[in-house]
Amino acid sequence: MTIKKVRASKPFLSKDFPSNDIATVVYFTKCNGTCVGCCNEKLRNDVEEFKEFDERELFRHIANFSERKQITHVVISGGEPLHPDNIDVCRALLKILFYYGYKIIIYTGYEITHLIENHITHFHVAKCGKYDETLSQVVIKDDYEMRLPSSNQDFYNSNYQKISNNGILKFKERKDESNN
Ligand code: SF4
């Protein structure tokens, strides 16, 4: 049996988890999306300077970095982690990360129905939906909320239920400044 491999970036620190936790992020290369105004143009192609990994190698890559930085949250992004050439490794990687207790968000341009149909499980949050330039909004990530680049995109929980509105997820209540 051929072992599938994907190309992925080095792990970096990221604020892209919808909470106040710093996360480890890795970017998968390749994207079959067609978003006008793509924010990750370079990652749409197979970036040849990135190494190739199977799911176990990619897990070790993420876990070694996360242990050194004492991080428990992981962002899987791209490019497109659910590109047909990536989806099998991604599905298996999510299971390993989940088993080892990481909190995981996956960023994908696909709709949530695609995750359900393709048995993508073992994540805590999924950001779904293609960037739509006509619905663009100011991106915000602060201590209280996260706002996605376009209002048609949303966050979903592990039960595939939408947990944001118009791309805005409030994960901590703002103090009413008028009471201070
Ligand atoms: S899904 Fe992301 S990487 Fe792919 S075309 Fe859209 S913005 Fe670019």
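Arg56 sits in helix H1; here helices are DSSP runs of H or I with at least four residues, strands are E runs of at least two, and both are numbered from the N terminus. This is a predicted model, in which local features need pLDDT of at least 70 and side-chain atom pairs count only at pLDDT 80 or more, while totals for chains, interfaces and linings use all residues. Residue numbers start from 1 along each chain, as its sequence is written.

Arg56 has 13 C-beta neighbours inside 10 Å, so it counts as partly exposed. The scale behind that label uses C-beta atoms placed from the backbone: 20 or more others within 10 Å make a residue buried, 12 or fewer make it exposed, and anything in between is partly exposed. In sequence, Arg56 and Ile96 are 40 residues apart, yet their C-alpha atoms are 7.9 Å apart in space.

**The fold as a whole**

The protein has three helices and eleven strands. Along the sequence they follow the pattern β-β-β-β-α-β-α-β-α-β-β-β-β-β. The radius of gyration is 16 Å, close to the 16 Å from the globule rule for 180 residues, so the protein is as compact as a globular protein of that length. That radius is taken over C-alpha atoms, and the rule is 2.2 Å times the number of residues to the power 0.38. Taken along the principal axes, the C-alpha atoms fill a box of roughly 60 × 40 × 30 Å.

Buried residues account for 37% of the 180 residues. Contacts here mean C-beta atoms, placed from the backbone, within 7 Å of each other. Among contacts between residues at least 6 apart in sequence, 60% join residues at least 24 apart.

**The nonpolar core**

In soluble globular proteins, nonpolar side chains tend to be buried together. A nonpolar core is a set of buried Ala, Val, Leu, Ile, Met, Phe, Trp, Tyr and Cys residues joined through C-beta atoms within 7 Å. In this model the largest one has 41 residues, of which Ile104 and Ile105 touch the most other members. Elements giving two or more residues to this core include helix H1 (55–69), strand S5 (73–78), helix H2 (87–99) and strand S6 (103–107). H2 gives the most, with six residues.

Leaving aside neighbours within four places in sequence, Ile104 is in contact with Val74, Ile76, Leu94, Leu97, Phe98, Phe123 and His124. In S6, four of the five residues are buried. S6 pairs with S5 in the parallel sense over four bridges; pairing requires at least two DSSP bridges between the strands. Within this pair, Ile76 stands opposite Ile106 in S6.

**The three-stranded sheet**

Another group of strands forms an open sheet with the order S8-S9-S11 and antiparallel pairing. Its edge strands, each pairing on one side only, are S8 (140–141) and S11 (168–170). Strand S9 (residues 145–147) pairs with S11 over three bridges in the antiparallel sense, and Arg147 stands opposite Ile168 in S11.

Leu169 lies in strand S11 and is buried, because 20 other C-beta atoms lie within 10 Å. Leu169 and Glu145 are 24 residues apart in sequence, with 5.5 Å between their C-alpha atoms. Beyond residues up to four places away in sequence, Leu169 touches Pro18, Glu145, Met146, Phe155, Ile163 and Ser164.

**Backbone details to check**

Most residues other than glycine have a negative phi, and most peptide bonds are trans.

| Residue | Phi | Location |
|---|---|---|
| Lys30 | about 80° | loop between S3 and strand S4 (51–53) |

The peptide bond from Gly78 to Gly79 is cis, with omega near 20°. Gly79 lies in the loop between S5 and H2.

**Around the ligand**

A residue is near a molecule if its C-beta atom, placed from the backbone, lies within 6 Å of it. There are 14 residues around the ligand, and Cys31, Gly33, Cys35, Cys38 and Gly109 come nearest. By class, this shell has six nonpolar, five polar and three charged residues. Ala, Val, Leu, Ile, Met, Phe, Trp, Tyr, Cys and Pro count as nonpolar, Asp, Glu, Lys and Arg as charged, and the others, Gly among them, as polar.

Note on methods. Two residues are in contact if their C-beta atoms, placed from the backbone, lie within 7 Å.
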